[in-house]
There are 2 protein chains.
Amino acid sequence: MIDIAILGYGTVGSGVAEVVSMNAGAIRRHAGQEVRVKWILDVREFPGDLFADRLTKNPEDVFGDPDVKVVVETIGGTGIAYGFSKRALEAGKSVVTSNKELVASHGPELMHLAHDHGVSYAFEASVGGGIPIVRPLTKCLAANEILSIAGILNGTTNYILTRMQQEGIGFGEALREAQEAGYAERDPSADVEGHDACRKIAILSSIAYDRFVDYRDVRTEGIVELTSADMAYAAALGRRIKLVASCRRLEDGRFDAQVRPTLVPIDSPLAVADGVFNAILVEGNALGQAMFYGRGAGKLPTASAVVADVVECVLHVDRTPHYRLWHREDRAVVAPFGETPVRLLVRIDPGGAAEDPRAAVQAAFAPLGGARLVFRPSDLAETGLAFVVGEGRETAEADLRAALAGLEKLGMRTRSLLRML
Amino acid sequence: MIDIAILGYGTVGSGVAEVVSMNAGAIRRHAGQEVRVKWILDVREFPGDLFADRLTKNPEDVFGDPDVKVVVETIGGTGIAYGFSKRALEAGKSVVTSNKELVASHGPELMHLAHDHGVSYAFEASVGGGIPIVRPLTKCLAANEILSIAGILNGTTNYILTRMQQEGIGFGEALREAQEAGYAERDPSADVEGHDACRKIAILSSIAYDRFVDYRDVRTEGIVELTSADMAYAAALGRRIKLVASCRRLEDGRFDAQVRPTLVPIDSPLAVADGVFNAILVEGNALGQAMFYGRGAGKLPTASAVVADVVECVLHVDRTPHYRLWHREDRAVVAPFGETPVRLLVRIDPGGAAEDPRAAVQAAFAPLGGARLVFRPSDLAETGLAFVVGEGRETAEADLRAALAGLEKLGMRTRSLLRML
């Protein structure tokens with residue numbers, strides 16, 4: 001029998017206790033022995049809780065207990081969680097986490113610490129909730145150079161976008177609906193401003209390219225400014241707007257890593273992810289495209305990924321684990337987004353200045369491969385123009401924006417700029 | 001540096017040599033050392049081949065070479081491949097294979113043999129080509145009881161069905177097209193009769209349920225009898241016909257394992273797989289639904305899965321591997337398909353006997369929960385009736401067929417019976 005401890009008894013932490021209990025048989029079969037939750041560390045009170053007998057407020061109960069071989073960190077954030085993770089690893093205990101903030105900011109240090117102490121720092125649940133993605137990327141794609149990753153990594157925003165598209169409602173209304181359904185938090189900024197997806201793509205990029213991609217280098221744009229006009233134009237182009245987090249290696253060896261609203265073709269495998277579902281499309285140079293789809297959040301799905309990592313740690317107790325490390329010193333150089341080639345849908349309010357606004361737009365983009373006019377969807381009240389630019393050949397975003405700045409001088413206003421996949 | 005050998009220099013075998021060479025950097029990064037193809041065993045001549053210096057016709061070169069730690073078996077079939085696999089394992093070499101016939105028929109014996117010799121028998125590439133599925137099912141879903149698996153596991157038949165549906169052509173024409181495109185073999189029976197998918201679902205079921213599911217117990221039906229009328233009715237129901245291989249645990253503890261043409265809702269994640277792509281939908285009791293999608297066949301995708309297994313074997317040289325075993329003695333009991341609950345689309349030629357054929361059908365199915373009439377698609381020349389039966393509550397297939405047998409006595413002929421998901 002192996003003892004584990006759970007730090008932080010919130011949604012995911014309590015899910016871990018539940019899964020360990022509910023699926024004890026499967027876990028024993030895979031781990032080769034029984035797994036028991038010995039301690040649950042939380043400062044709060046949980047009177048009458050099913051696992052009340054394991055609750056403690058004293059960290060020493062966990063860190064000083066030689067029986068505890070694996071510590072589950074489901075506290076979240078980079079404060080207490082960071083200190084506790086270090087302490088556990090230094091005590092020779094493997095740490096399993098669902099904490100994307102911590103992995104994205106201190107992952108390399110914690111992985112090195114684990115390595116130095118002959119234990120694991122495992123974080124399958126930090127990206128894609130229950131969807132297997134960290135291990136497949138690390139293990140199953142080991143014989144590939146990863147060309148690109150594009151993922152719908154945040155269920156809250158995907159739910160909001162799905163509702164906006166299906167019902168023709170605005171962002172505010174869809175957000176309220178998501179909050180009422182429990183899919184969005186009261187302060188939704190981490191989700192709707194893209195910060196959550198940003199940390200997740202930083203983690204996936206770091207694995208794929210074997211060097212640390214700093215999440216602060218990932219250009220991040222949320223969905224708060226999307227309008228039903230954007231949705232309508234996307235539909236007219238046979239696409240859906242999704243918040244896509246992506247990375248790829250550029251020809252010059254630098255990386256393109258972004259989170260932004262993106263027009264995804266409806267026949268793309270990514271488009272299959274509606275509502276709170278996540279999908280991650282990976283392209284390898286031998287494998288071609290592969291996609292991973294499932295519940296990217298939620299108590300039991302996320303706990304299921306955490307406990308799978310626990311099982312793997314149990315199998316590796318007293319053995320050197322095989323987790324690859326990123327090397328902090330070997331940081332990935334992310335190209336400034338202005339230099340990154342892109343294809344955009346541009347919506348323009350022509351104002352009243354230019355005599356022939358279409359011709360003006362087309363003249364402005366002529367040196368950049370042209371601008372294709374998108375016909376106004378018949379059910380759209382808003383007047384204005386929309387163009388696809390960078391279509392034939394992706395063009396540096398700064399160049400496209402410079403052309404738009406020129407048009408603004410003619411009195412035209414850029415309403416929105418959306419990436420197209 | 002680790003030496004490996006490839007047995008069988010056909011499509012996948014030569015792909016393995018190519019991937020090892022092409023992605024040497026990624027492989028070294030993951031395996032912690034260089035991987036070299038030392039021997040390629042094949043009875044044929046390959047004059048001028050890039051790897052001609054490694055070719056041998058003498059098995060002793062491979063099995064007697066202590067430097068060779070991992071043997072890749074890409075011969076296929078259950079003849080020579082079986083003997084060579086045993087010989088390699090007995091010599092203390094790990095074996096990696098893409099050979100679904102061999103895994104489905106002799107997998108338990110070979111896994112035990114590997115276990116006894118402290119090496120691995122790895123077979124990620126035997127199902128889903130390049131798609132990671134064996135390891136995710138074994139490792140990432142370790143904390144789940146698997147409720148069901150439903151997969152599009154054969155690219156050839158999926159290509160044919162996609163063309164039939166998109167172009168309105170018949171099976172014969174679509175098959176010829178697939179043969180010309182190189183997606184179907186000259187003798188396509190293993191694919192179009194479902195035998196290939198049958199072996200693959202037997203392997204996945206064995207992993208999911210941790211006991212040997214004999215492929216001979218899997219009820220298998222191919223796609224050769226599908227007509228454009230079937231396609232039209234599927235479309236009228238908002239579905240696509242796919243060759244779905246599935247398994248699930250029944251309430252009585254027995255298993256339902258089948259391969260058959262199945263009407264899949266177009267908003268099911270499975271429906272995303274068109275053409276030669278595969279998709280595998282897995283449902284776990286904690287995870288919920290997850291899907292894996294990608295190229296289910298082809299030289300480099302399949303080789304990419306083989307080499308990922310090689311890397312894992314390299315990491316485990318001189319360590320006990322952690323592959324779970326199925327236990328031959330612990331065989332899964334697959335329920336006879338007649339006893340398995342199902343929902344069916346039934347197409348009927350009413351003949352001329354019954355005065356009111358609709359009423360006759362509805363009367364016949366009344367004790368079985370009724371039959372819902374499906375309106376004839378307007379573009380369909382064929383006359384006749386179609387019903388969905390078992391809709392409210394899945395019903396044992398034998399009972400549904402007995403009702404149809406009764407109708408046949410009235411002069412009605414059953415044209416087709418298709419499962420509905």
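Two strands count as paired if DSSP finds at least two bridges between them. In this predicted model, strand S4 (residues 68–73) and strand S5 (residues 94–97) of chain B meet that condition, running parallel over four bridges. Within that pairing, Val70(B) has Ser94(B) in S5(B) as its bridge partner.

**Chain A overall**

- Chain A contains 14 helices and 18 strands.
- The C-alpha trace of chain A spans about 80 × 45 × 35 Å along its principal axes.
- The radius of gyration of chain A is 24 Å, which agrees with the value near 22 Å that a compact globule of 421 residues would have.

**The six-stranded sheet of chain A**

- Chain A has an open sheet of six strands in the order S3-S2-S1-S4-S5-S6, with parallel pairing.
- Strand S3 (55–56) and strand S6 (121–122) of chain A each have a single partner strand, so one side of each has no neighbour in the sheet.
- S6(A) is joined by two bridges to strand S5 (residues 94–97) of chain A, and the two strands run parallel.
- In this pairing, Val96(A) stands opposite Ala122(A) of S6(A).
- Helix H1 (residues 11–22) of chain A packs on the sheet, where it touches strand S1 (2–7), strand S2 (35–41) and strand S4 (68–73) of chain A. The direction of H1 makes about 155° with that of S2(A).

**The six-stranded sheet of chain B**

- In chain B, an open sheet of six strands with parallel pairing has the order S3-S2-S1-S4-S5-S6.
- At its edges are strand S3 (55–56) and strand S6 (121–122) of chain B, each of which pairs on one side only.

**Helix packing in chain A: H4 and H5**

- Helix H4 (residues 80–90) and helix H5 (residues 100–116) of chain A pack at an angle of about 15°, and their axes are 10 Å apart.
- Angles under 35 degrees count as roughly parallel, and H4(A) and H5(A) are therefore roughly parallel to each other.
- H4(A) and H5(A) cross in the right-handed sense.
- From H4(A), the residues Ala81(A), Tyr82(A), Ser85(A), Lys86(A), Leu89(A) and Glu90(A) meet Leu102(A), His106(A), Leu110(A), Leu113(A) and Ala114(A) of H5(A).
- By class, the residues of this contact between H4(A) and H5(A) are seven nonpolar, two polar and two charged.

**Helix packing in chain A: H13 and H14**

- Helix H13 (residues 357–365) and helix H14 (residues 397–409) of chain A pack at about 145°, with 9 Å between their axes.
- The crossing of H13(A) and H14(A) is right-handed.
- H13(A) contributes Ala360(A), Val361(A), Ala364(A) and Phe365(A) to the contact, while H14(A) contributes Ala403(A), Gly406(A) and Leu407(A).
- Six of the residues in the contact of H13(A) with H14(A) are nonpolar, one is polar and none is charged.

**Contact between chains A and B**

- On chain B, 46 residues are in contact with 46 residues of chain A.
- Helix H2 (24–31), helix H6 (134–140), strand S12 (288–295) and helix H12 (299–315) of chain B each supply at least two residues of the side that touches chain A.
- H12(B) gives the most to that side, with nine residues.
- The side of chain B that touches chain A has 25 nonpolar, 11 polar and 10 charged residues.
- Strand S12 (residues 288–295) of chain A pairs with S12(B) in the antiparallel sense, over five bridges.
- Met291(A) stands opposite Tyr293(B) of S12(B).

Key: Residues numbered from 1 in each chain as written. Chains lettered and ligands numbered in written order. Predicted model: local features only at pLDDT ≥ 70, side-chain atom pairs only at ≥ 80, totals over all residues. Contact = placed C-beta atoms within 7 Å. Nonpolar A, V, L, I, M, F, W, Y, C, P; charged D, E, K, R; others polar. Axes fitted to C-alpha atoms, helices over the stretch in contact; angles between N-to-C directions. Parallel < 35°, antiparallel > 145°, perpendicular 65-115°, else oblique. Left-handed = near helix turned anticlockwise from the far one by under 90°. Rg over C-alpha atoms; globule rule 2.2 N^0.38 Å.
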